[in-house]
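Let's take a walk through this fold together, with the model open beside the text. We will stop at some paired strands and then at a pair of helices.

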Amino acid sequence: MKATATKIVQTLQDAGHEAFVVGGAVRDFLLGLEPKDYDIASSATPSEIEDLFNHTDAVGKHFGVIIVHLDGFSFEIATYREDSNSSDGRRPDSVTFSTLDKDSERRDFTINAMYWNPINDTIIDLHGGRKDLENGIIRFVGDPYKRIKEDYLRILRALRFASRYDFKIEEDSFNCIKMLSTSLWRVSSERVYNEIKQILSKESGQKLFKEANLHARIFGDYSNYETRDKSGLSFEGFVAFLLSSQPNNWEKALKALQSAYIPFKEKYGEYDAGASTIEGLIGYEEPSDDDDINLEGTEKIEDEGGDTSSNILD
């Protein structure tokens with residue numbers, strides 16, 4: 001896959017465009033891990049990308065994303081862009097094609113905002129991502145308050161990356177996470193569940209979850225570690241069931257999550273009973289490492305509560 005990604009970058013550069021591997025692939029490469037996928041950012045417009053490759057999908061063309069199929073792999077090639085404000089806390093209201101500098105500013109964490117040129121093996125790192133990677137730091141790009149308000153799921157993504165790599169969350173970033181955590185009601189329970197399952201699978205993640213007060217904010221009575229909820233599960237029991245691979249335990253854990261999460265959404269925002277169902281949660285998929293678009297106009301992490309018509313931006 002790496003060889004094919006390099007081939008795509010070479011094709012774009014030979015045509016006179018800038019092109020880099022970006023995001024999670026660069027982070028994992030520097031950590032000595034094998035990337036699961038390779039996303040590419042380029043100065044080429046969507047139409048120019050389509051002209052250069054024979055097999056493409058234009059599902060995200062309006063937002064500057066073309067899917068290229070080559071050598072049995074699929075790659076997302078995104079035109080450099082800058083995002084407008086996010087009025088719903090999930091996606092930008094509009095995008096404008098731009099430069100690499102502006103493209104980097106819209107990304108979530110510094111460790112995910114590095115651009116690697118596989119042709120000459122150089123990395124463009126405008127936000128200190130490599131240093132943060134070496135020091136084991138999760139830090140939002142630029143203003144953490146603004147980054148979180150662009151997509152509130154980034155609160156949980158920060159905890160997931162920190163628990164996965166045993167990193168620390170930078171102080172200002174963590175303070176903003178605690179400050180804005182009540183706005184997680186804007187995110188569908190499907191996406192919340194998929195992140196939480198990864199976070200709570202490690203003791204470090206459970207500790208971070210409590211330090212950020214998310215156990216109280218999201219799970220209410222579970223925060224006291226007592227069996228008070230109508231589901232009959234304590235917080236400890238909820239975590240155990242959540243991490244179980246047994247189908248009967250999955251359903252019970254998912255019901256526990258929803259019974260806790262619905263009051264949270266009712267308290268802090270608007271709850272739509274038809275938007276998030278247990279049936280929708282049971283089809284679990286592992287969250288993506290990249291904070292960007294995916295196939296068929298849906299978010300990489302998960303669909304947004306049944307609204308997938310324009311859900312393609314981080």
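What follows covers the strands and then the helices.

This is a predicted model, in which local features need pLDDT of at least 70 and side-chain atom pairs count only at pLDDT 80 or more, while totals for chains, interfaces and linings use all residues. Residues are numbered from 1 along each chain as its sequence is written, and side-chain values use heavy atoms, leaving out hydrogens and water.

Start at strand β3 (residues 56–60), which pairs with strand β4 (residues 65–70) in the antiparallel sense over three bridges. Strands here are DSSP runs (E, at least two residues), helices likewise (H or I, at least four), numbered from the N terminus, and two strands pair if DSSP finds at least two bridges between them. G60 has V65 of β4 as its bridge partner. Four residues lie between the strands of this hairpin, where G64 takes a positive phi near 90°.

Carry on along β4, and you reach its antiparallel pairing with strand β5 (residues 73–79), over six bridges. Here V65 stands opposite A78 in β5. The hairpin of β4 and β5 has two residues between the strands, and D71 takes a positive phi near 55°.

Now turn to the helices. The axes of α7 (residues 154–165) and α10 (residues 203–211) come within 8 Å and cross at roughly 145°; axes are lines fitted to C-alpha atoms over the stretch in contact, with angles from 0 to 180 degrees between N-to-C directions. In α7, L156, L159, A162 and S163 meet S204, G205, L208 and F209 of α10, contact meaning heavy atoms within 4.5 Å.
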